[in-house]
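Open the model in your viewer with the cartoon display on. The stops below say what to select next and what is there.

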Amino acid sequence: MKQANRERGVVIWFTGLSGSGKTTIAHRLEEKLLTAGVPVELLDGDVVRENLSKGLGFSKEDRDTNIRRIAFVAHLLQRNGVFVITAAISPYRAIREEARSMIKDFAEVYANAPLEVCEERDVKGLYAKARAGEIKGFTGIDDPYEPPSGPEVECRTDQESVEESVQKVLDKLVELKYLER
């Protein structure tokens, strides 16, 4: 597998609930692309929030600002031929569409798992804290998550392995002519 056009990058935008598998799939996809010699950067939502969006809270306005920042950095990298993988909850459909309109080459990947599965996977205990009222505005509990209406890829992470999900994304990137076999 190789990059189809060295001047053409793409933003692979993972969205989904906390615990849906976004970051796990994103890291495995990054490994595969690096192994294939594709220039790639991973913008993990937690890392970006700590370094680029420090001080932002979790109000809708702050979440939108965080996503705009991720989209801006992703766009800068993508227009220079880099494959950019983002893994952020990005709960609101309108701000994801805003990111899509800013970025020429964009592939949305919906890491789809039922809330119950995400809660079972929650190693940080965030869902339990949200249900106990210790965390306010937690996506999926007392703040909405708006699933994508037409993602390029939907990974049913409760039904498929990480490798199967990664392969679905790779296959779509080939179909969209960002990669060649």
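This is a predicted model. Start with the open sheet: five strands in the order S3-S4-S2-S5-S6, with parallel pairing. Select residues 40-44 for strand S3 and 153-156 for strand S6; these two stand at the edges, and each has a single partner strand, so one side of each is left without a neighbour in the sheet. Looking across the sheet, neighbouring strands are turned by 15° against each other on average, direction ignored.

**Helices on the sheet**

Next select residues 162-175, helix H7. H7 also packs on the sheet, where its contacts are with S2, S4, S5 and S6. Its direction makes about 170° with that of S6.

**Strand S5 and its partners**

Thr15 stands opposite Tyr110 in S5, and Trp13 has Glu108 in S5 as its bridge partner.

On the other pairing, S5 and S6 are joined in the parallel sense over four bridges.

Keep S5 selected and show its side chains. Which residues point one way from S5, and which the other way? Phe106, Glu108, Tyr110 and Asn112 point one way, while Ala107, Val109 and Ala111 point the other way. All of them are buried, and S5 is accordingly described as mostly covered, with seven of its seven residues buried.

**The largest pocket**

The largest pocket holds about 900 Å³ of space. To find its centre, select Ser18, Gly19, Lys22, Asp46 and Ile89, the closest to it of the 39 residues that line the pocket.

Colour the lining by residue type: 15 residues are nonpolar, 14 polar and ten charged. Then colour by helix. H1, H2 (45-51), H3 (60-78), H5 (115-121), H6 (126-131) and H7 each supply at least two residues of the lining. The largest share, four residues, comes from H1.

**Lys22**

Zoom in on Lys22, which is found in helix H1 and is among the residues closest to the centre of the largest pocket. Is Lys22 buried or exposed? With 6% relative accessibility, Lys22 counts as buried, because the cut-off for buried is under 20%.

Show the contacts of Lys22, leaving out residues up to four places away in sequence. Lys22 touches Phe14, Thr15, Gly16, Leu17, Ala87, Ala88, Ile89 and Ala111.

**Val162**

The last stop is Val162, in helix H7. Its relative accessible area is 32%, so Val162 is partly exposed.

Which residues is Val162 in contact with, leaving aside its neighbours within four places in sequence? They are Thr24, Ile25 and Arg28. To finish, draw a distance from the C-alpha of Val162 to the C-alpha of Ala26: the two are 9.6 Å apart in space and 136 residues apart in sequence.

Notes
Residues are numbered from 1 along each chain as its sequence is written. This is a predicted model: local features need pLDDT of at least 70, side-chain atom pairs count only at pLDDT 80 or more; totals for chains, interfaces and linings use all residues. Side-chain values use heavy atoms; hydrogens and water are left out. Two strands pair if DSSP finds at least two bridges between them. Axes are lines fitted to C-alpha atoms, for helices over the stretch in contact, and angles run from 0 to 180 degrees between N-to-C directions. Contact means heavy atoms within 4.5 Å. On a 1 Å grid over the protein atoms alone, a cavity is a set of points where a 1.4 Å probe fits but cannot get out, and a pocket is an open set with protein on both sides within 12 Å along at least five of seven lines; lining residues have an atom within 4 Å of a point. Grid points are joined across faces, edges and corners, and a volume is the space filled by probe spheres set on the points. Ala, Val, Leu, Ile, Met, Phe, Trp, Tyr, Cys and Pro count as nonpolar, Asp, Glu, Lys and Arg as charged, and the others, Gly among them, as polar. Buried means under 20% relative accessible area, exposed over 50%, partly exposed in between (1.4 Å probe, protein chains only).
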